[in-house]
Amino acid sequence: MIEHIVIENFKSFRRVELKLGRLNLFVGTNASGKSNLFDALRILQGIGNGFTLLEILDGKPRSATSEVWEAIRGGSARAAFTTAPGQDRLVFEVAGRFEPENGKRWSYRIEFLAREGRLCQEKLSLDGSDIFDSSPIQNNPLDPVFEVRYYGGKKGRQPHLKFEKSRPVLTQMARGGNGKWSKAHADAAERLARLLANMQRIDPSPAVLRSYSQAHEIERMGERGENFAALIRTLCADAKSKEAYLSWLRELRPREVNDVGTLSGAVGEPLFVLKEGGREFPAPVLSDGTLRFAAITAALFQPDMPALMTIEEIENGIHASRLRLLVELLRSRTAQGPTQIMATTHSPIVLAWLKPEEYAHTFFCKRDESSGESRICPLTEIPHFTETIRKQPIISDLFAEGWLEAAL
Amino acid sequence: MSLRVLVIPEDPTYNGYILKPLVERMLAEAGKPNARVFLLTNPRIGGYEQAVAAIRRELPDRYGHFDLWLFLPDADRARNLDALEAELREKGVALLCCAAVPEVEAWLLAGHRERLSAGWADVRKNPRMKEEVFEPFLGDYGDPRSAGGGREALMRQTLLNFRGLLKVCPELAGLQQRLQEALKTKEA
């Protein structure tokens, strides 16, 4: 889990630092920086995937080993907050711990020039001890290699290791070094790379959810809901998972939903179906809201859960009186599973159903009109928030009337 | 128009999984299978005192047009419910109150008595029933992945033996009786 993140000079962020929990909600007006934060997370995902820095920012076509990687909005040319030549150095720093087995703490920092796609600094630590760090070395910008000091050599020796300058050292180290660095360090780098790569964006499109899945059974669906029905087929194969999944749908449409399943197409390809009162309602006739809720819920029951899941505007298409259920679903799944969730919302009702202990990981995003700089602040650190909410415990009103914006 | 019933819990977050299907079943037994049951979620109630305050002040304006209100708190803090019913009657609201002994969770447990480590009489007397009996039971038999941590599925099982539930929870049998009478009065 990522417990701490620092982003500098990226998009609308001059500098932002967040302490994260399992369930993190981001609220704020349009263009306040919420999506830019999610773009920062995608950069970390690209780092974990082992792409070059320019591939991460500008996109990458499908290859034998990877799917299409879409460019970060604006690409390398618009990635930096300060866009002057030579000042487009982006900084990302993350820290957390591995789970569940040994819980070792890790921290990782990378700095690179956006337009050139060239590393400036990089550092990896495990349990407080550095594995590698480039900062003690003066790297020549014109040199095609990038050197780091390696702290895993024999006693007293801290050899310099050379890597490609166009891609993160982290994933280069993860591939193993033919004896230049220890297997334990290659494993730690690989583990962190996998954690960063293991992010899933969920933005289900009703049009996609209404169609037949190409796969027959899968353990993780696509970002737009691709293979949703195949995931349902997988869930339904296990009676307990099916019952748990169905219990949430029943709450969404009480006294209506009896069962859930799939219909088969000409070659057995699945289509999502709800059964209500003995009648079958296949995906094409279901409402956008029902399908979206069914898909988000299914994503939270995937047998192959990501380390981090992002969901933008979770309330889309879901009736206001059912948002309580959505909050409970997110809370319940993050409390039990290994997945960390980052979600945005514009709904005061979603906020109304949060528990006070969740305010520390509910973040208000605001963009300064004159500087264009975004700030992200946990509710608990907004001036006067804690005492105000104690006296008038209606957080939804504070949000809807613009109190939070005015207070920050 | 179908009958509209407002259910007022002490805490909608988890009590709703028990109370809503229970009330729907009671209404069905009283000849109103199509009644629309609304669980009060706004204002968000957080305890007995808040619930009573809302019943007295905000709710009559907002939900006064509903056919029936049911206030179903835990018995440990419930006081003067008859007076509250009379007070609301004067405002034109048909309110029935029923305090769960000792707490609402007992109504779910009533269908699973053979799985409990304590005898039913002891469960009903235990002032810490939620912590000492219900939560361990939910941990053992509820699927934490399910809605309400398993309450929804377990309550459906309890309702499979509705007569048995009324038998071991006499306050519910009393409520069923009063519910039927109230519906008859309304129809008359």
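**Exercise 1.** In this predicted model, state into which domains chain A is divided and how far apart their C-alpha centres lie.

*Solution.* Begin with the division itself: domain 1 of chain A takes in 2-20 + 32-198, while domain 2 takes in 202-304 + 315-331. Then turn to the distance, for which the C-alpha centres of domain 1 of chain A and domain 2 of chain A give a separation of 36 Å.

**Exercise 2.** Work out in which order the eight strands of the open sheet in chain A are arranged, and which strands stand at its edges.

*Solution.* The order is E2-E1-E4-E5-E6-E7-E8-E9 in chain A, with antiparallel pairing. Strand E2 (13-19) and strand E9 (160-164) of chain A each have a single partner strand, so they stand at the edges and one side of each is left without a neighbour in the sheet. As for orientation, neighbouring strands of this sheet are turned by 15° against each other on average, direction ignored.

**Exercise 3.** Describe how strands E6 and E7 of chain A pair, and which strands helix H1 of chain A touches.

*Solution.* Strand E6 (residues 118-126) and strand E7 (residues 129-133) of chain A are joined over four bridges in the antiparallel sense, and Leu126(A) is found opposite Ser129(A) in E7(A). Helix H1 (residues 34-49) of chain A packs on the sheet, where it touches E1 (2-10), E2, E4 (89-97) and E5 (105-113), and its direction makes about 75° with that of E4(A).

**Exercise 4.** Find how many residues of chain B are in contact with chain A, and classify them.

*Solution.* Contact involves 10 residues of chain B and 11 residues of chain A. On the side of chain B that touches chain A, three residues are nonpolar, three are polar and four are charged.

How values were computed
Residues numbered from 1 in each chain as written. Chains lettered and ligands numbered in written order. Predicted model: local features only at pLDDT ≥ 70, side-chain atom pairs only at ≥ 80, totals over all residues. Domains from an automatic or database assignment. Contact = placed C-beta atoms within 7 Å. Nonpolar A, V, L, I, M, F, W, Y, C, P; charged D, E, K, R; others polar. Pairing = 2+ DSSP bridges. Helix = DSSP H or I, 4+ residues; strand = E, 2+ residues; numbered from the N terminus. Axes fitted to C-alpha atoms, helices over the stretch in contact; angles between N-to-C directions.
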